[in-house]
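Visitor: I am new to this structure and would like to know what stands behind the words used for it. Please show it to me and then take my questions.

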Amino acid sequence: MTTMVARPDERIQPPVRPTKGAAKERWVRRAPLLPALIFAVVVTQIPFLYTLYLSTLSWNALRPGKHGFVGLSNYGTVLSDSRLRAALLNTVVLTAGAVIFSMIIGLALALLLDRKFIGRSVVRTLLITPFLVMPIAAALLWKHAIFNPAYGLVNGLLGGQTDWISSYPKAAVITTLVWQWTPFMMLILLAGLQSQSNEVLEAARVDGANAFQIFRRMTLPHLRQYLELGGLLGSIYLVNTFDAVFSITQGGPGTATTNLPYEIYLTTFRKFEYGEASAAGVVVVVLTIIVATFALRVISSLFRMEEGR
């Protein structure tokens, strides 16, 4: 039996502890970032902690001086209230509808812009423009210029006097969100398409694969992580949609388009229940953090994939 003896340079070396000078040097490099870190903590974490505190109080602004500690009672009200459950369902429908349709249209536009043609840069700039419009301005544009039953563009093209917002409130809000967020999805997917290896695609064409086979077997698997990233980031932003609901439908008819942010607004400024509104806000933040966690994992996997190339 042969005994393997490790050479001196192969022996496991004990971990080298950083010297005081090296630790000091690291802190010197990080010092310029401390003001930004402190500012971020003050602006985000302190208000959130105060919201957590408010969520444990029974506080109605119409009864000043009569608020007290109720523990987790407000969370029980939030999770058992039929209006808030309907708002949660509407939030899921509006977010999922806007994300799915904007991703489908964004993928089609990304495939178009991935090809070379005359005026591609101009077309790309025009397609990005809706994402640069302020959300409240986009909502008012669609409400008055496109969906208006008397002089809107849709009825002007199709004829008739259909009140699209009253008849199809969810579709009206989703259409507005899709128009504004399609450029965001398009840019992410276009970046994924342009990171695809041209040599591999050319080899597939030489082997006899047609365009649909290349798209289904090569392009879509390559875009999977980009699709996930676009869907997760879009969900994080769209779950907090307030402008479109407030401007286009006011949550109606009835509660047809009342989502969680708008219901929190109603609870705060119509019912004046600060405790319940704070609890509902905390629930929204928790749901957003869950989605953001998955988004960060997808982003880190994309970075690892780029490093491995």
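Visitor: What classes of residue make up the lining of the largest cavity?
Guide: The lining has three nonpolar, one polar and four charged residues. Here Ala, Val, Leu, Ile, Met, Phe, Trp, Tyr, Cys and Pro count as nonpolar, Asp, Glu, Lys and Arg as charged, and the others, Gly among them, as polar. The model is predicted: local features need pLDDT of at least 70 and side-chain atom pairs pLDDT 80 or more, while totals for chains, interfaces and linings use all residues. Residues are numbered from 1 along each chain as its sequence is written, and side-chain values use heavy atoms, with hydrogens and water left out.

Visitor: Why is a space called a cavity, and what makes a pocket?
Guide: On a 1 Å grid over the protein atoms alone, a cavity is a set of points where a 1.4 Å probe fits but cannot get out, whereas a pocket is an open set with protein on both sides within 12 Å along at least five of seven lines. Lining residues have an atom within 4 Å of a point. Grid points are joined across faces, edges and corners, and a volume is the space filled by probe spheres set on the points.

Visitor: How many cavities of 30 Å³ or more are there by this rule, and which residues line the largest cavity?
Guide: The count is one, and the largest cavity has a volume of about 30 Å³. Its lining consists of D81, L84, E263, T267, K271, E276, A277 and A280. Two or more of the lining residues come from each of α13 (260–269) and α14 (274–307), with α14 giving the most, three residues. Such helices are DSSP runs (H or I, at least four residues), strands are runs of E (at least two), and both are numbered from the N terminus.

Visitor: What is the volume of the largest pocket, and what lines it?
Guide: The largest pocket holds about 530 Å³ of space. Its lining has 16 residues, and D114, R115, L201, R205 and T219 lie nearest the centre. By class there are eight nonpolar, five polar and three charged residues. Helix α11 gives the most, with five residues.

Visitor: What classes line the second largest pocket?
Guide: That lining has eight nonpolar, four polar and no charged residues. The second largest pocket has a volume of about 310 Å³, and α14 gives the most to its lining, with seven residues.

Visitor: Why is V178 called buried?
Guide: Buried means under 20% relative accessible area, exposed over 50%, and partly exposed in between (1.4 Å probe, protein chains only). V178 has a relative accessible area of 9%, so it is buried. V178 sits in helix α9. Leaving aside neighbours within four places in sequence, V178 is in contact (heavy atoms within 4.5 Å) with G97, A98, F101, S102 and I105.

Visitor: T56 lies in a loop; why is T56 called buried?
Guide: The relative accessible area of T56 is 16%, and therefore T56 is buried. The loop runs between α2 (34–54) and β1 (57–58). Apart from neighbours within four places in sequence, T56 is in contact with G68, F69, V70, G71 and N74.
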